[in-house]
Amino acid sequence: MTKLIVTAALTGSRISRDASPFIPITPEELVQSAVECWNAGAAAVHIHVRDPGTGLGTQDVEIFRRVVEPLRERTDLILCLTTSGIPGRNLPTEERLEPLSLGPELASFDAGSINLGGAVFANPPEFLEAAALRMKTLGVKPELEIFDSGMIVTCLRMREQGKLEDPLYFQFVLGTPWGAPTTPRSLLYLQEQIPENAVWSAIGIGKDHLPIAMMAMVMGGHIRVGLEDNLYFSKGVLARSNAQFVERIVRIANAYGRDIASPREARDILKVRDPLTQ
Ligand code: ZN
């Protein structure tokens, strides 16, 4: 079975210190948390940054730079920068795409609009067209975030049109209110819809983060964990760090007999460029 890529999603765009005192917020905290995850076996980190005034997500490229540059110096992590902005607040397209100018290997590509709790997370066709074109131009690989099955259809159509290139990399996001549910059949159904040569990873949002990770482990998918997706290490117990989640996946993978992909090996699996050799 292919080696396992573990991605750590460090912070997201909305979680406050009130929800968890352990959530990294400042660039320095994000760098520290990412380095810990790298040491624990993560090959990739998914990065949002926060506005120092509001504490909410921002697409300010200068704040992203304060995370990206130290991580490039100190680690060989694959960097996946968000283009989501603040889901539900729906920032302008140009603002959402700003972090791409830092040349990350990966960037999130939310492959359609969906209700997220009480708001609409708007990813209309014109956003998808602009994001795909910009990523292609800059050599950034889209991480196709799939909240429900129709989003796969969207990606396959864009692939046919030459706007998305093989091998596609899907990130199945299960358990958002009100996206795809966190059941084995749900994950199986999504996985069956993608091309054979595609690479995929899965996230269980909230309490089902571990069951979804375990399903991905045995199905040959890759796994994303982290405080963006889930604050609790176990029922009623807050996770104290992102690395704690990575350590647990690595521990289970070792016991199960699935090898962990290094960042270099993950670059090869994902077919992203290697900034270290360029
Ligand atoms: Zn995110």
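Thr 82 is located in the loop that connects β5 (78–81) with α3 (93–97); helices (H or I, at least four residues) and strands (E, at least two) are DSSP runs, numbered from the N terminus. The model is predicted, and local features need pLDDT of at least 70, side-chain atom pairs count only at pLDDT 80 or more, and totals for chains, interfaces and linings use all residues. Residues are numbered from 1 along each chain as its sequence is written, and side-chain values use heavy atoms, with hydrogens and water left out.

With a relative accessible area of 1%, Thr 82 is buried; buried means under 20% relative accessible area, exposed over 50%, and partly exposed in between (1.4 Å probe, protein chains only). A polar contact of 3.4 Å links the side chain of Thr 82 to the side chain of Ser 108. Such a contact is a pair of N or O atoms within 3.5 Å; within protein, one must be able to donate a hydrogen and the other to accept it, and residues adjacent in sequence count only if both atoms are side-chain atoms. When neighbours within four places in sequence are set aside, Thr 82 is in contact (heavy atoms within 4.5 Å) with His 46, Ile 47, His 48, Gln 59, Phe 64, Arg 96, Pro 99 and Ser 108.

His 46 and His 48, both in contact with Thr 82, are also donors to the zinc ion. The zinc ion is coordinated by NE2 of His 46, NE2 of His 48 and OE of Glu 228, at 2.1 Å. Donors are N, O and S atoms within 2.8 Å of the metal (3.2 Å for Na, K and Ca); water is not among the atoms, so sites may look incomplete. Along the chain, the donors of the zinc ion follow the spacing H-x1-H-x179-E. His 46 belongs to strand β2 (residues 44–47), whereas Glu 228 lies in the loop between β12 (222–225) and β13 (232–234), so the pair ties together parts that are 182 residues apart in sequence. His 46 is buried, at a relative accessible area of 1%, while Glu 228 is partly exposed, at 22%.

Two strands pair if DSSP finds at least two bridges between them. β5 pairs with β2 in the parallel sense over 4 bridges, and Val 45 stands opposite Leu 79. β5 also pairs with strand β6 (residues 106–110), in the parallel sense and over 2 bridges; here Leu 81 stands opposite Ala 107.

In β12, His 222 and Arg 224 point one way and Ile 223 and Val 225 the other way, and all are buried. Strand β1 (residues 6–9) pairs with β12 in the parallel sense over 3 bridges, with Thr 7 opposite Arg 224. Strand β11 (residues 199–204) runs parallel to β12 and is joined to it by 2 bridges, and Ser 201 stands opposite His 222. From β11 the chain crosses through helix α7 (residues 209–219) to β12 in a right-handed β-α-β crossover. A crossover is right-handed if, with the strands pointing away from the viewer, the path from the first strand over the helix to the second runs clockwise.

Across the whole structure, a search finds 17 salt bridges, each a side-chain nitrogen of Lys or Arg within 4 Å of a carboxyl oxygen of Asp or Glu. One of them joins the side chains of Arg 224 and Glu 228 (3.5 Å, N to O). Arg 224 is buried, at 6% relative accessibility. Salt bridges that share partners join Glu 145, Arg 224, Glu 228 and Asp 229 into one network.

Arg 65 is partly exposed, with a relative accessible area of 29%, and Glu 69 is partly exposed at 42%. The side chains of Lys 207 and Asp 208 also meet in a salt bridge (3.4 Å, N to O). Lys 207 is exposed, with a relative accessible area of 72%, whereas Asp 208 is buried, at 18%.
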